[in-house]
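Take a look at the sequence and the 3D structure below. This report walks through strands, helices, cavities and rings in turn.

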Amino acid sequence: SGADWSACGVSIDSRTIEPGDLFVAIEGVNQDGHKYVESAFANGAAAAMVHRDTSETAGPILRVNDTLEALNQLGRAARGRTAAKVVAVTGSVGKTGTKEALKTALARSGATHASAASYNNLWGVPLSLARMPRDTQFGVFEIGMNHPGEIAPLVDLVQPHVAIVTTVQPVHIEFFDSVDGIADEKAEIFSALLEGGTAIVNADMAHFKRVKDRAVHYGASKIVGFGEVATAQARLTKSSAGQQGSDVEADILGHKVSYKVALPGHHFVVNSLAVLAAVVELGGNLSKGADALGELKPTEGRGTQHQVQLGKHRVVLVDESYNANPASVSAALSVLSDTNPSAGGRRIAVLGDMLELGTDSAMYHRDLEVPIRENDVDLVFLCGEHMASLWEVLPEERRGAFAENSEQLIDPLIDTLRDGDVLMVKGSLGSRMGKIVQQLLSLSADADSAGGG
């Protein structure tokens with residue numbers, strides 16, 4: 001209903017809508033977009049798509065049977081009208097970092113469009129597709145899952161030329177019978193590979209053969225293993241880690257390349273092999289793509305390093321608070337190990353519960369004692385009922401403090417910090433570790449504004 005209109009973009013969030021966007025009212029578990037139609041128009045929406053009546057008459061309304069299904073159709077239409085080469089990424093850890101690296105590397109070879117943030121679920125994927133400009137040359141889409149059956153319908157929308165599985169680990173395992181089940185679900189990303197398509201799979205992981213066999217089953221024309229094993233076609237030959245990232249030498253499908261990865265952590269080095277293999281397979285420029293990896297920036301809560309001034313003490317804060325599972329916590333502890341404290345400083349890990357780990361949760365938490373020890377972490381601060389299992393097995397000299405929740409951990413942590421410390425904060429979103437990061441940053445900002453910076 002309403003006057004003629006045209007939209008130049010698509011949004012499902014009335015707060016961040018751009019003038020001229022079509023607002024799609026998605027009915028989710030926690031929020032219903034139909035309540036925000038009026039504010040979408042106030043913020044410049046060209047029209048609103050709804051599937052039930054709203055009292056709104058402030059602009060053109062497009063009535064459909066189901067807004068999520070209509071968003072899927074918008075995504076399908078955008079995918080159909082472009083000649084872009086498309087890559088899809090999934091994996092238990094490393095999806096968003098790999099997606100961002102692909103976006104950076106491919107942009108050197110042509111107009112590149114990628115999913116924003118972690119838009120990898122049932123609304124994030126079609127929304128990212130719907131926003132893809134017609135003249136895009138390379139499209140990069142992240143595909144996530146918590147439960148069985150979620151990947152296939154999403155990758156069917158994306159229709160990739162290349163699909164990547166970064167790794168398979170016990171993440172969201174409470175919804176699966178086994179890690180084998182997770183591997184099979186991740187391998188569903190190959191179910192909609194276009195003819196002549198390439199599967200890129202982590203050759204170092206235990207489930208490599210299982211995932212590779214699924215790719216064969218789905219008709220992948222080519223399978224590229226990446227990693228450190230001698231048989232990998234995208235193989236790491238040498239790397240040296242520093243606080244600002246790593247220097248890397250690799251053999252990518254027979255091409256020798258040397259480059260820098262500007263993010264600290266060995267996991268970024270290994271995933272860069274998959275990124276560069278994808279650049280080659282999509283017809284991009286390998287040497288330009290490799291150069292671009294020297295300019296990567298961490299996304300919020302995924303390894304950003306801050307210099308924090310607390311009174312007379314200056315400490316380094318590594319913000320890994322975005323999310324957590326056993327693999328990503330181990331990776332973050334290894335980054336902490338590579339980050340050297342200044343004189344008198346210590347390596348401090350601040351960890352909250354890892355969620356959705358099912359009946360073996362206590363074991364997964366307890367087992368973190370090994371990477372804590374191997375990475376020379378001096379002090380550990382823990383919060384949450386699951387982390388109590390780790391607290392029990394930590395030796396006395398590594399125990400900082402334990403609390404029920406992240407807020408109660410803030411004061412004992414601040415009381416302990418001294419000049420030169422490096423601290424890394426990580427936990428699942430539900431454990432709200434971001435509160436600790438925000439508190440430290442605001443104290444530092446107060447110090448700056450008070451002339452103490």
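How many bridges join strand β3 to β4? Three bridges join them, and the two strands run parallel. Strand β3 covers residues 47-50. V50 stands opposite R63 in β4. This is a predicted model.

## The four-stranded sheet

β3 and β4 belong to an open sheet of four strands. The order is β1-β2-β3-β4, and the pairing is parallel. β1 (9-11) and β4 (61-63) are the edge strands, and each of them pairs on one side only. From one strand to the next, the twist averages 25°.

A helix lies across this part of the model. Helix α2 spans residues 67-80 and lies across β1, β2 (21-24) and β3. Helix α2 runs at about 120° to β3.

## The nine-stranded sheet

Now turn to another open sheet, with nine strands. Its order is β6-β7-β5-β8-β9-β10-β11-β12-β13, and the pairing is mixed. Which strands stand at the edges? They are β6 (112-114) and β13 (255-261). Each has a single partner strand, so one side of each is left without a neighbour in the sheet. Neighbouring strands of this sheet are turned by 15° against each other on average, with direction ignored.

Inside the order sits the pair β8 and β9. Strand β8 (residues 162-165) and strand β9 (residues 198-202) run parallel, joined by four bridges. I164 stands opposite I200 in β9.

Helix α3 (residues 95-106) packs on the sheet. This helix touches β5 (85-90), β6, β7 (138-142) and β8. The direction of α3 makes about 175° with that of β7.

T136 has its place in the loop between α4 (124-130) and β7. Is T136 buried or exposed? T136 is buried, because its relative accessible area is 6%, and buried means under 20%. Leaving out residues up to four places away in sequence, T136 touches T82, A83, A84, A111 and H113.

## A strand with two partners

Strand β15 (residues 313-320) is mostly covered, with six of its eight residues buried. β15 pairs with strand β14 (residues 304-310) in the antiparallel sense, over seven bridges. β14 and β15 form a hairpin with two residues between them. G311 in the turn has a positive phi of about 60°.

β15 also pairs with strand β19 (residues 422-426). Here the sense is parallel, and there are five bridges. L317 of β15 shows both pairings. H306 stands opposite L317, and L317 stands opposite L423 in β19.

## Enclosed space

How many cavities of 30 Å³ or more does a search of the whole structure find? The search finds two. α8 gives the most, with four residues.

## Aromatic pairs

A pair of aromatic rings is described by the distance of the centres and the angle of the planes. Two rings pair if their centres lie within 6.5 Å. By this rule the count comes to two aromatic pairs.

Why is the pair of Y119 and W123 edge-to-face? The planes stand at 70°, and the centres are 5.3 Å apart, so the pair is edge-to-face. Planes over 60 degrees apart count that way.

W391 and F402 form a tilted pair, with 6.0 Å centre to centre and 40° between the planes. This pair links distant parts of the chain. W391 is in helix α13 (residues 388-393), F402 is in strand β18 (residues 399-403), and the two residues are eleven apart.

| Residue | Relative accessible area | Class |
|---|---|---|
| Y119 | 24% | partly exposed |
| W123 | 27% | partly exposed |
| W391 | 18% | buried |
| F402 | 34% | partly exposed |

W391 counts as buried because its relative accessible area is 18%, and the cut-off is under 20%. F402, at 34%, counts as partly exposed.

Terms used. Residues are numbered from 1 along each chain as its sequence is written. This is a predicted model: local features need pLDDT of at least 70, side-chain atom pairs count only at pLDDT 80 or more; totals for chains, interfaces and linings use all residues. Side-chain values use heavy atoms; hydrogens and water are left out. Rings of Phe, Tyr and Trp (its six-membered ring) pair if their centres lie within 6.5 Å; planes under 30 degrees apart count as stacked, over 60 as edge-to-face and the rest as tilted. Buried means under 20% relative accessible area, exposed over 50%, partly exposed in between (1.4 Å probe, protein chains only). Two strands pair if DSSP finds at least two bridges between them. Axes are lines fitted to C-alpha atoms, for helices over the stretch in contact, and angles run from 0 to 180 degrees between N-to-C directions. Contact means heavy atoms within 4.5 Å. On a 1 Å grid over the protein atoms alone, a cavity is a set of points where a 1.4 Å probe fits but cannot get out, and a pocket is an open set with protein on both sides within 12 Å along at least five of seven lines; lining residues have an atom within 4 Å of a point. Grid points are joined across faces, edges and corners, and a volume is the space filled by probe spheres set on the points.
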